[in-house]
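Dear colleague,

I am handing over the structure below, and after it you will find my notes on what was found. Please read them with the model open beside you.

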Amino acid sequence: MSVQKKKRISKKNKSAWRKTDIQDVEEYLEEQRQEERIGTFTEKKDEELFKIDVTPADAKKPTALTEKQKRKLNAKKPLRSLQVLENTSKVQDPIVKRNIVKQKKAGRNIEEEVINPTKPRHIQANQDRAKTYAKVEEKVKKLATKIPDTNKDIWQEEDFREKVPGLKDEKGWISEELAKYNAQKLGLPVYKIHDSIRHRTTKAKKFEPPHPGTSYNPSLQDHQKLISDIVEKEEKLIKEEKHLKRVTTQMFRKVTAEERQQQHIQEMSAGLDDDEDEAEEGDNDEGDENNAGKKSKKAKKEDQEGEEDNSDDSAPYDSINPPVENKKKSKAQRNRELRQKELQKKLEAKKALKKQIADLNRIKSLKTEVLIEEEELKEAMKRRKKAEFKKKFETKRLGRLKFNEPDQDVNMPEELAGNVRNIQTGTSLLVDRFKNFQKRNILPVSVATGKQKKPKVKRFPRSTHKDPGVSYQMLRDKRMAEKKAAAQASK
């Protein structure tokens, strides 16, 4: 058998070197690299290369895993996207003495401070945190038992930040919003309180003593003073009513029923009078023509022909909106307008300069005017602030109606009895307390509606409760029964 000789190729050029077969060299190098990465068979143990099969041949097949079990197994495995980043190579580091510097994380490591505290403030923070958690656990246990704390004063104003250590500091670095947020995260109850609880909304007293003139046996001065006060209020109300009548009903002229009827007839027959006048004028014209004499038929025909000729004559056409003519101004007119505008500007400049000179001459008077205006503005601001402060403590409008002060009760001199047995009572303690609550913004103002009228309901008897009537089916059954009886009788 003849061995084929290898062809000798000239390797003088670069293209000739590409024709050489280096496959065996590449395979050797690839095997060597793979051994470096995963190691050689001689270095590996038998347990890694071989596996002893101890399961019997008749073993049952493994049961299929559920979706939940599969998810648990997959959760333990590393992510496929991160498997590429794992270093599986066993190639040694060519640089043996390499300085590996561990980079420190920027900022504080809170987890390390909590687990292994070194500084005193970290130790104190852990202790405070433990106390807080203990308090929270106690509260949770109390809530679980659902036993209300009867020893607590529900009307006492307390700040929830005082109960939790660290939420309220003396320097005021922690804001109230941050404290509320932390309290909510810790599970503490935070209640929002309206600002009106912290300050008074009205200056009305809880109990106002009655006027001494309302007593069953008042002194002469107190009784007369009470009557004079009531008279002043009534006169004020009467004056307001008179003013309203004067500016509303009394502004218009009063008309009797006959005058109103006459005006109505005159308005309705406004166009009829003009028609009658025109008809009368037409009758007068006809009388004048008869008196003047009748025209001949020939003259009438000539007049008609003349009118027709006049109508046929071409009259000039006048439109409603005639065409606009573009009348351009001449150069002399434009120059004249420019001179007038320049003259007007000069006059305005002179006036402005004259006004400035006049203002400079009266600087003192202007200064006094400015000072007077500033004082007026300050006084107006004071009055406005005073009115706002006064309005702050007035009775608020909680509902649809506005609160009005109730009328003062008074007994006239002839009604005074001198003893409690014969006195005429005009007020009620219940009504007085109810009005006081309305005045102090506790209850909204309401009006007694009285007895409401109930709507009439139309009632129908149920079909089950109706009396059995006579129907077409009953009559038919009766007729058929009679027929059957007659047929049986004839047989």
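Predicted model: local features only at pLDDT ≥ 70, side-chain atom pairs only at ≥ 80, totals over all residues.

Notes on the model

Residues are numbered from 1 along each chain as its sequence is written, and side-chain values use heavy atoms, with hydrogens and water left out.

The chain as a whole

The secondary structure of the protein chain comes to 16 helices and 0 strands, where helices (H or I, at least four residues) and strands (E, at least two) are DSSP runs numbered from the N terminus. Of the 491 residues in the protein chain, buried residues make up 6%. Among contacts between residues at least 6 apart in sequence, 56% join residues at least 24 apart, a contact meaning heavy atoms within 4.5 Å.

Around phenylalanine 393

The structure holds 1 aromatic pair. The rings of phenylalanine 389 and phenylalanine 393 have their centres 5.1 Å apart and their planes at 75°, so the pair is edge-to-face; rings of Phe, Tyr and Trp (its six-membered ring) pair if their centres lie within 6.5 Å, and planes under 30 degrees apart count as stacked, over 60 as edge-to-face and the rest as tilted. Phenylalanine 389 counts as partly exposed, at 48% relative accessibility. Over the face of phenylalanine 393 lies lysine 203, at 4.8 Å from the ring centre, and a charge sits over a ring if NZ of Lys or CZ of Arg is within 6 Å of the ring centre and within 35 degrees of the ring normal.

The second largest pocket

About 1,200 Å³ of space lies in the second largest pocket. A pocket is an open set of points on a 1 Å grid over the protein atoms alone, where a 1.4 Å probe fits, with protein on both sides within 12 Å along at least five of seven lines, and lining residues have an atom within 4 Å of a point. Grid points are joined across faces, edges and corners, and the volume is the space filled by probe spheres set on the points. This pocket is lined by 33 residues, of which Pro210, Gln408, Asp409, Thr427 and Asp432 lie nearest its centre. The elements that give two or more residues to its lining are helix 9 (220-247) and helix 15 (429-439), and the largest share, 7 residues, comes from helix 15.

Single residues to look at

Lysine 439 is found in helix 15 and is buried, with a relative accessible area of 17%. Leaving aside neighbours within four places in sequence, lysine 439 is in contact with Thr202, Ala204, Glu208, Thr395, Phe403 and Glu405. Asparagine 441, in the loop between helix 15 and helix 16 (472-490), has a positive phi of about 60° although it is not a glycine, and is buried at a relative accessible area of 16%. Asparagine 411 lies in the loop between helix 14 (363-392) and helix 15, and counts as buried at 15% relative accessibility.

Lysine 90, by contrast, is exposed, with a relative accessible area of 55%; its place is in the loop between helix 5 (80-83) and helix 6 (110-115). The C-alpha atoms of lysine 90 and isoleucine 38, 52 residues apart along the chain, are separated by 6.0 Å.

With best wishes

Notes:
Buried < 20%, exposed > 50% of the residue type's maximum accessible area, 1.4 Å probe, protein only.
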